[in-house]
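This report looks at a few local features of one protein model, taking a single residue, a pair of helices and a sheet in turn. Please keep the sequence and the structure in view while reading.

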Amino acid sequence: MTDVPGGRRPLIDTLGIVIDPDLLSLALTHRSYAYENGGTPHNERLEFLGDSVLGQAVTVTLFTRHPELDEGSLAKRRASVVSTVALAEVARRIGLGDHVLLGRGEEQTGGRDKDSILADTTEAIIGATYLSAGQDAATSLVLRLIEPLLADPDRYGAAMDPKTSLQELAARRQATPPEYSIEAEGPDHNRVFTATVRVGEVSATGIGTSKKTAEMAAALEAWHTLSDDD
(Lines give C-alpha, C1' and ligand atoms only; values in the text may rest on other atoms or scores of the structure.)
Protein backbone atom coordinates (compact mmCIF):
# COMPACT_ATOMS: atom_id res chain seq x y z
CA MET A 1 0.00 0.00 0.00
CA THR A 2 1.38 3.41 -0.94
CA ASP A 3 0.96 6.62 1.04
CA VAL A 4 -2.18 8.64 0.55
CA PRO A 5 -1.46 11.65 -1.71
CA GLY A 6 -1.30 14.82 0.38
CA GLY A 7 -4.16 16.46 -1.49
CA ARG A 8 -6.50 13.69 -0.35
CA ARG A 9 -5.39 13.60 3.27
CA PRO A 10 -8.17 16.01 4.37
CA LEU A 11 -10.75 13.71 2.80
CA ILE A 12 -9.31 10.65 4.56
CA ASP A 13 -9.25 12.56 7.85
CA THR A 14 -12.87 13.58 7.37
CA LEU A 15 -13.96 10.04 6.56
CA GLY A 16 -12.06 8.73 9.58
CA ILE A 17 -11.14 5.51 7.80
CA VAL A 18 -8.01 4.22 6.08
CA ILE A 19 -8.71 3.38 2.44
CA ASP A 20 -6.18 1.77 0.13
CA PRO A 21 -4.83 4.66 -2.01
CA ASP A 22 -5.36 2.80 -5.28
CA LEU A 23 -8.96 2.02 -4.38
CA LEU A 24 -9.48 5.60 -3.25
CA SER A 25 -8.19 6.89 -6.59
CA LEU A 26 -10.49 4.49 -8.41
CA ALA A 27 -13.48 5.56 -6.30
CA LEU A 28 -12.82 9.18 -7.24
CA THR A 29 -12.46 8.54 -10.98
CA HIS A 30 -15.58 9.46 -12.95
CA ARG A 31 -16.14 7.73 -16.26
CA SER A 32 -15.74 11.02 -18.14
CA TYR A 33 -12.14 11.25 -16.91
CA ALA A 34 -11.50 7.59 -17.72
CA TYR A 35 -12.76 7.97 -21.30
CA GLU A 36 -10.53 10.99 -21.88
CA ASN A 37 -7.49 9.18 -20.53
CA GLY A 38 -7.27 6.03 -22.57
CA GLY A 39 -10.16 4.15 -21.08
CA THR A 40 -8.62 3.76 -17.64
CA PRO A 41 -10.80 2.09 -14.98
CA HIS A 42 -13.51 4.22 -13.37
CA ASN A 43 -15.64 4.01 -10.26
CA GLU A 44 -18.88 2.43 -11.46
CA ARG A 45 -18.08 -1.08 -10.19
CA LEU A 46 -17.24 0.34 -6.77
CA GLU A 47 -20.44 2.37 -6.93
CA PHE A 48 -22.40 -0.86 -7.53
CA LEU A 49 -20.80 -2.47 -4.48
CA GLY A 50 -21.22 0.61 -2.32
CA ASP A 51 -24.91 0.85 -3.19
CA SER A 52 -25.42 -2.65 -1.81
CA VAL A 53 -23.47 -1.95 1.39
CA LEU A 54 -25.35 1.33 1.86
CA GLY A 55 -28.74 -0.30 1.33
CA GLN A 56 -28.09 -3.07 3.82
CA ALA A 57 -26.75 -0.71 6.50
CA VAL A 58 -29.70 1.65 6.16
CA THR A 59 -32.25 -1.17 6.09
CA VAL A 60 -30.90 -2.84 9.24
CA THR A 61 -30.63 0.49 11.07
CA LEU A 62 -34.17 1.58 10.25
CA PHE A 63 -35.58 -1.85 11.09
CA THR A 64 -33.83 -1.81 14.46
CA ARG A 65 -34.58 1.79 15.41
CA HIS A 66 -38.21 1.89 14.34
CA PRO A 67 -40.18 -1.18 15.45
CA GLU A 68 -43.33 0.95 15.17
CA LEU A 69 -43.04 1.35 11.39
CA ASP A 70 -44.63 -1.07 8.93
CA GLU A 71 -42.91 -2.36 5.80
CA GLY A 72 -44.22 0.39 3.56
CA SER A 73 -43.11 3.16 5.92
CA LEU A 74 -39.67 1.61 6.31
CA ALA A 75 -39.28 1.34 2.54
CA LYS A 76 -40.31 4.96 2.04
CA ARG A 77 -37.91 6.19 4.69
CA ARG A 78 -35.06 4.09 3.28
CA ALA A 79 -35.70 5.46 -0.20
CA SER A 80 -35.48 9.03 1.07
CA VAL A 81 -32.21 8.39 2.91
CA VAL A 82 -30.43 6.73 -0.03
CA SER A 83 -31.83 9.09 -2.66
CA THR A 84 -29.49 10.92 -5.03
CA VAL A 85 -30.36 14.28 -3.49
CA ALA A 86 -29.66 13.07 0.06
CA LEU A 87 -26.36 11.40 -0.84
CA ALA A 88 -25.27 14.49 -2.76
CA GLU A 89 -25.76 16.52 0.39
CA VAL A 90 -23.59 14.03 2.26
CA ALA A 91 -20.91 14.48 -0.40
CA ARG A 92 -21.05 18.27 -0.13
CA ARG A 93 -20.77 18.10 3.64
CA ILE A 94 -17.45 16.22 3.40
CA GLY A 95 -16.12 18.21 0.44
CA LEU A 96 -16.09 15.19 -1.86
CA GLY A 97 -16.60 17.19 -5.05
CA ASP A 98 -13.17 18.80 -4.67
CA HIS A 99 -11.49 15.41 -5.10
CA VAL A 100 -13.40 13.85 -8.01
CA LEU A 101 -11.47 13.29 -11.25
CA LEU A 102 -13.62 14.61 -14.11
CA GLY A 103 -13.30 14.92 -17.85
CA ARG A 104 -13.09 18.38 -19.38
CA GLY A 105 -16.73 18.42 -20.42
CA GLU A 106 -18.04 17.58 -16.97
CA GLU A 107 -15.59 20.04 -15.43
CA GLN A 108 -16.88 22.85 -17.63
CA THR A 109 -20.55 22.11 -16.92
CA GLY A 110 -20.32 22.08 -13.14
CA GLY A 111 -19.85 18.35 -12.65
CA ARG A 112 -18.28 18.81 -9.23
CA ASP A 113 -21.63 19.94 -7.89
CA LYS A 114 -23.96 17.64 -9.84
CA ASP A 115 -26.14 15.56 -7.57
CA SER A 116 -25.74 12.41 -9.65
CA ILE A 117 -21.94 12.54 -9.73
CA LEU A 118 -21.68 13.36 -6.02
CA ALA A 119 -24.10 10.60 -5.02
CA ASP A 120 -22.42 8.00 -7.22
CA THR A 121 -18.99 8.92 -5.88
CA THR A 122 -20.24 8.63 -2.30
CA GLU A 123 -21.37 5.08 -3.05
CA ALA A 124 -18.00 4.32 -4.67
CA ILE A 125 -16.19 5.54 -1.54
CA ILE A 126 -18.34 3.17 0.52
CA GLY A 127 -17.45 0.33 -1.84
CA ALA A 128 -13.74 1.16 -1.57
CA THR A 129 -14.02 1.17 2.21
CA TYR A 130 -15.64 -2.26 2.17
CA LEU A 131 -12.79 -3.70 0.09
CA SER A 132 -10.09 -1.93 2.12
CA ALA A 133 -11.32 -2.42 5.67
CA GLY A 134 -14.21 -4.88 5.61
CA GLN A 135 -17.95 -4.83 6.16
CA ASP A 136 -17.94 -3.55 9.75
CA ALA A 137 -15.80 -0.54 8.84
CA ALA A 138 -17.92 0.20 5.78
CA THR A 139 -21.13 -0.04 7.79
CA SER A 140 -19.67 2.25 10.44
CA LEU A 141 -18.75 4.79 7.76
CA VAL A 142 -22.24 4.63 6.27
CA LEU A 143 -23.88 5.28 9.63
CA ARG A 144 -21.62 8.26 10.35
CA LEU A 145 -22.37 9.77 6.96
CA ILE A 146 -26.14 9.29 7.00
CA GLU A 147 -26.91 10.06 10.64
CA PRO A 148 -28.19 13.58 9.78
CA LEU A 149 -30.45 12.03 7.14
CA LEU A 150 -31.88 9.52 9.59
CA ALA A 151 -32.57 12.34 12.03
CA ASP A 152 -34.62 14.34 9.50
CA PRO A 153 -36.42 11.84 7.23
CA ASP A 154 -39.23 14.19 6.18
CA ARG A 155 -36.75 16.61 4.71
CA TYR A 156 -35.17 13.99 2.51
CA GLY A 157 -38.51 12.53 1.52
CA ALA A 158 -39.34 15.95 0.17
CA ALA A 159 -35.92 16.16 -1.47
CA MET A 160 -36.70 13.14 -3.65
CA ASP A 161 -39.53 15.02 -5.37
CA PRO A 162 -39.61 18.57 -4.04
CA LYS A 163 -41.99 19.99 -6.65
CA THR A 164 -44.66 17.41 -5.87
CA SER A 165 -44.06 17.74 -2.12
CA LEU A 166 -44.43 21.52 -2.34
CA GLN A 167 -47.63 21.23 -4.39
CA GLU A 168 -49.11 18.81 -1.85
CA LEU A 169 -48.10 21.03 1.08
CA ALA A 170 -49.61 24.09 -0.61
CA ALA A 171 -52.86 22.20 -1.13
CA ARG A 172 -52.97 21.19 2.54
CA ARG A 173 -52.40 24.82 3.50
CA GLN A 174 -55.09 25.92 1.02
CA ALA A 175 -52.49 28.21 -0.55
CA THR A 176 -52.25 29.12 -4.21
CA PRO A 177 -50.45 26.47 -6.31
CA PRO A 178 -46.71 27.01 -6.83
CA GLU A 179 -45.78 29.32 -9.71
CA TYR A 180 -42.27 29.18 -11.19
CA SER A 181 -40.20 31.68 -13.13
CA ILE A 182 -36.65 31.15 -14.36
CA GLU A 183 -33.68 33.20 -15.52
CA ALA A 184 -30.44 32.06 -17.14
CA GLU A 185 -27.00 33.60 -17.40
CA GLY A 186 -23.57 32.60 -18.66
CA PRO A 187 -22.33 31.02 -21.91
CA ASP A 188 -24.04 27.97 -23.38
CA HIS A 189 -21.37 25.57 -22.13
CA ASN A 190 -21.58 26.88 -18.56
CA ARG A 191 -25.08 28.27 -18.15
CA VAL A 192 -26.48 28.82 -14.66
CA PHE A 193 -30.23 28.90 -14.05
CA THR A 194 -31.99 30.72 -11.22
CA ALA A 195 -35.56 29.67 -10.48
CA THR A 196 -38.05 31.52 -8.31
CA VAL A 197 -41.18 29.88 -6.93
CA ARG A 198 -44.07 31.63 -5.25
CA VAL A 199 -46.63 29.93 -3.03
CA GLY A 200 -49.06 32.34 -1.47
CA GLU A 201 -46.94 34.86 0.44
CA VAL A 202 -43.83 32.66 0.34
CA SER A 203 -41.11 33.14 -2.26
CA ALA A 204 -37.94 31.08 -2.66
CA THR A 205 -35.10 30.78 -5.16
CA GLY A 206 -32.88 27.97 -6.32
CA ILE A 207 -29.81 27.73 -8.55
CA GLY A 208 -28.83 24.85 -10.83
CA THR A 209 -27.07 23.85 -14.02
CA SER A 210 -30.43 23.10 -15.66
CA LYS A 211 -33.95 24.51 -15.41
CA LYS A 212 -35.10 21.30 -13.72
CA THR A 213 -32.47 21.32 -10.99
CA ALA A 214 -32.98 25.03 -10.33
CA GLU A 215 -36.74 24.57 -9.96
CA MET A 216 -36.22 21.57 -7.68
CA ALA A 217 -33.85 23.58 -5.49
CA ALA A 218 -36.35 26.45 -5.28
CA ALA A 219 -39.21 24.06 -4.49
CA LEU A 220 -37.25 22.41 -1.70
CA GLU A 221 -36.38 25.78 -0.18
CA ALA A 222 -40.04 26.86 -0.30
CA TRP A 223 -41.07 23.51 1.23
CA HIS A 224 -38.72 24.12 4.16
CA THR A 225 -40.07 27.63 4.67
CA LEU A 226 -43.68 26.48 4.69
CA SER A 227 -42.88 23.50 6.91
CA ASP A 228 -41.11 25.71 9.43
CA ASP A 229 -44.33 27.69 9.82
CA ASP A 230 -46.01 24.64 11.38
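Predicted model: local features only at pLDDT ≥ 70, side-chain atom pairs only at ≥ 80, totals over all residues.

Is Ser-32 buried or exposed?

Ser-32 belongs to helix 3, which covers residues 31-36. Ser-32 has a relative accessible area of 14%, and because the cut-off for a buried residue is under 20%, Ser-32 counts as buried.

The side chain of Ser-32 comes to 2.9 Å from the backbone nitrogen of Gly-103.

## Helix 6 against helix 8

Two packed helices are described by the angle between their axes and the distance between the axes. For helix 6 (residues 84-93) and helix 8 (residues 115-133), the axes come within 8 Å and cross at roughly 75°, which means that helix 6 is roughly perpendicular to helix 8. On the side of helix 6, the residues that meet helix 8 are Thr-84, Val-85, Leu-87, Ala-88, Val-90, Ala-91 and Arg-92, and their counterparts in helix 8 are Asp-115, Ser-116, Leu-118, Ala-119, Thr-122 and Glu-123. Sorted by class, this contact comprises 7 nonpolar, 3 polar and 3 charged residues.

The buried residues of helix 6 include Val-85, Leu-87, Ala-88, Val-90 and Ala-91, which are also named among those meeting helix 8; Ala-86 is buried as well. Just after helix 6, Gly-95 adopts a positive phi of about 70°.

An open sheet is formed by 3 strands in the order 1-2-3, with antiparallel pairing. Its edges are strand 1 (179-185) and strand 3 (202-208), each of which pairs on one side only, and the twist from one strand to the next averages 20°.

Strand 1 is joined by 7 bridges to strand 2 (residues 192-199), the two running antiparallel, and Ser-181 stands opposite Thr-196 in strand 2. Helix 12 (residues 211-228) packs on this sheet, where it touches strand 1, strand 2 and strand 3, and the direction of helix 12 makes about 145° with that of strand 3.

Note on methods
Residues numbered from 1 in each chain as written. Heavy atoms only, no water. Pairing = 2+ DSSP bridges. Helix = DSSP H or I, 4+ residues; strand = E, 2+ residues; numbered from the N terminus. Axes fitted to C-alpha atoms, helices over the stretch in contact; angles between N-to-C directions. Contact = heavy atoms within 4.5 Å. Buried < 20%, exposed > 50% of the residue type's maximum accessible area, 1.4 Å probe, protein only. Polar contact = N/O pair within 3.5 Å; in protein donor to acceptor, adjacent residues only side chain to side chain. Parallel < 35°, antiparallel > 145°, perpendicular 65-115°, else oblique. Nonpolar A, V, L, I, M, F, W, Y, C, P; charged D, E, K, R; others polar.
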